[in-house]
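This report goes through one protein structure, topic by topic. Please keep the sequence and the model in view while reading.

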Amino acid sequence: MGYKMVFSDMDGTLLWKGVRVSVENSAAIRKAVDKGVDFVICTGRGVFGVEEHLKELDLIGKKGYVICQNGAAVYDLRDMRLVLKESFSPSLLKPVADYGRKLGLELFYYDDRNFMAEQMTGVVKSYCKVMRTTPRIVKDPTEYEGEFTKCLFSGPREALEQVKAYAEELLGDQVNLFYSAETYLEFVKKSVSKGNALEATAKEAGVDLKDTIAIGDSDNDLSMIRKAGLGVAMKNGEAHVKAAADYITERDCEENGVAEVIEKFIF
C-alpha cells in the first residue's frame with residue numbers, strides 16, 4: 001500500500017530525550033518528504049513549542065500542515081498561518097479550574113500563540129524553557145478576554161483523576177479530557193482530538209484515510225491511531241495504546257522508532 005501521509009506525535013515518539021529530532025529520524029523524514037509523502041507533526045504542544053523542530057526538518061515554507069494542542073489548532077506550513085481553531089469559553093472551564101486549584105494542581109491555558117499560567121512556579125519556568133515561550137499570568141480563566149483552545153492540568157495522577165471525573169460529570173457532553181503524560185491532563189472542546197484533526201487534514205490534502213499512518217505513545221494519541229489507515233504505537237507506549245495499534249515498533253523513541261516506521265512502511 002502506498003502511504004501518502006505520516007502523522008507523528010512528538011514527546012515520547014519523535015523527539016530524542018524530549019529535546020530534538022535525532023539524525024536518523026530526520027534523515028528518514030526528509031527522505032519520505034522528498035518522495036512526496038506529507039509528514040505532519042501532531043502534538044499537544046502549542047505552536048511555539050514546535051517551530052524549532054519544524055525548522056530542523058526543513059518543513060516550514062513547504063506545502064503541508066502541523067497539528068497543535070491535540071487538534072485544537074492547525075497551521076499551514078507555507079506561512080505558519082492558523083487555519084483551524086476549536087475553542088471554548090473561559091466560563092465553561094471556571095468551575096473545573098476552581099476544583100483543580102483546590103486539589104493543588106497547576107493550570108496552564110492556551111490560545112493560538114498565547115501561553116498562560118496562574119502563577120510563576122518552577123514547573124512553569126522549566127516548561128517555558130523547553131517550549132521557548134514566555135507566560136502571561138492569568139490568576140483565573142475568566143480574566144482572559146478571548147477563548148481557550150486548551151487547558152492543561154499538571155500534578156499528581158490521583159488528583160488529576162479526581163478533576164477528570166468531576167469535569168466529565170459536570171461537562172461530559174461539552175469537553176474531551178485525556179492524558180498526554182503521567183502528570184498532564186488535557187481539557188479541550190468536545191469536537192477536538194488528534195484523530196479528528198488527522199481526518200480533517202487528510203481530507204484537505206486529498207488523501208484517503210487508508211493511505212495515512214499515525215504514530216504515538218500516549219492516551220492523547222489513541223484517537224489518531226484508531227483513525228489512520230495504519231495505527232502505530234511506540235515500543236515505549238502505554239499498554240492500552242499498544243493494544244489499539246496495528247503495529248508496535250521494535251525500537252522506542254530513544255532508538256529512532258519513527259525512522260523504523262518510515263523505512264518499513266514507506267520504503
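In which strand is the place of W16? W16 sits in strand β2, which covers residues 15-16. The model described here is predicted.

## Surroundings of W16

W16 has a relative accessible area of 28%. Buried means under 20% and exposed means over 50%, so W16, at 28%, is classed as partly exposed. Leaving out residues up to four places away in sequence, W16 touches S22 and E254.

W16 and E255 are 239 residues apart along the chain, yet their C-alpha atoms are separated by 8.1 Å. A contrasting case is E169 and A243, which are 74 residues apart in sequence and 27 Å apart in space, C-alpha to C-alpha. E169 belongs to helix α5 (residues 157-171). With a relative accessible area of 73%, E169 is exposed.

## Nonpolar cores

The largest nonpolar core contains 35 residues, and F39, I41, V66 and I213 have the most contacts inside it. At least two residues of this core come from each of α1 (23-34), β4 (38-41), β5 (65-68), β6 (73-76), β14 (212-216), β15 (230-233) and α9 (257-265). The largest share, four residues, is supplied by α9. There is also a second, separate core of 24 residues, and A97, M116, A159 and A167 are among them.

Which residues is I41 in contact with, leaving aside neighbours within four places in sequence? The list includes S8, M10 and L14, then V50, L54 and L57, and also Y65, V66 and I67.

## The largest pocket

The volume of the largest pocket is about 350 Å³. Its lining is made of 20 residues, and those closest to the pocket centre are D11, R45, S180, A181 and Y184. Two or more lining residues come from each of α4 (122-131), β11 (150-154), β12 (175-181) and β13 (184-189).

Which element gives the most to this lining? That element is α4, with four residues. By type, the lining of the largest pocket consists of six nonpolar, seven polar and seven charged residues.

## Aromatic pairs

Eleven aromatic pairs are found in a search of the whole structure. One of them joins F108 and F115, with 5.6 Å from centre to centre and 70 degrees between the planes. Planes over 60 degrees apart count as edge-to-face, so this pair of F108 and F115 is edge-to-face.

Are F108 and F115 buried or exposed? F108 has 1% relative accessibility and counts as buried. F115 is also buried, at 2% relative accessibility. Ring pairs link F108 and F115 with F48, Y110 and Y127 into a cluster.

## Residues with positive phi

Most residues other than glycine have a negative phi. D58 has a positive phi, near 60 degrees, and is a residue other than glycine. D58 lies in the loop between α2 (51-56) and β5. Its relative accessible area is 38%, and D58 is therefore partly exposed, since this class lies between 20% and 50%.

N256 also has a positive phi, near 65 degrees, and is a residue other than glycine. The loop that holds N256 runs between β16 (247-248) and α9. N256 counts as buried because 13% relative accessibility is under the 20% limit.

Conventions:
Residues are numbered from 1 along each chain as its sequence is written. This is a predicted model: local features need pLDDT of at least 70, side-chain atom pairs count only at pLDDT 80 or more; totals for chains, interfaces and linings use all residues. Side-chain values use heavy atoms; hydrogens and water are left out. A nonpolar core is a set of buried Ala, Val, Leu, Ile, Met, Phe, Trp, Tyr and Cys residues joined through side-chain atoms within 4.5 Å. Buried means under 20% relative accessible area, exposed over 50%, partly exposed in between (1.4 Å probe, protein chains only). Contact means heavy atoms within 4.5 Å. On a 1 Å grid over the protein atoms alone, a cavity is a set of points where a 1.4 Å probe fits but cannot get out, and a pocket is an open set with protein on both sides within 12 Å along at least five of seven lines; lining residues have an atom within 4 Å of a point. Grid points are joined across faces, edges and corners, and a volume is the space filled by probe spheres set on the points. Ala, Val, Leu, Ile, Met, Phe, Trp, Tyr, Cys and Pro count as nonpolar, Asp, Glu, Lys and Arg as charged, and the others, Gly among them, as polar. Rings of Phe, Tyr and Trp (its six-membered ring) pair if their centres lie within 6.5 Å; planes under 30 degrees apart count as stacked, over 60 as edge-to-face and the rest as tilted.
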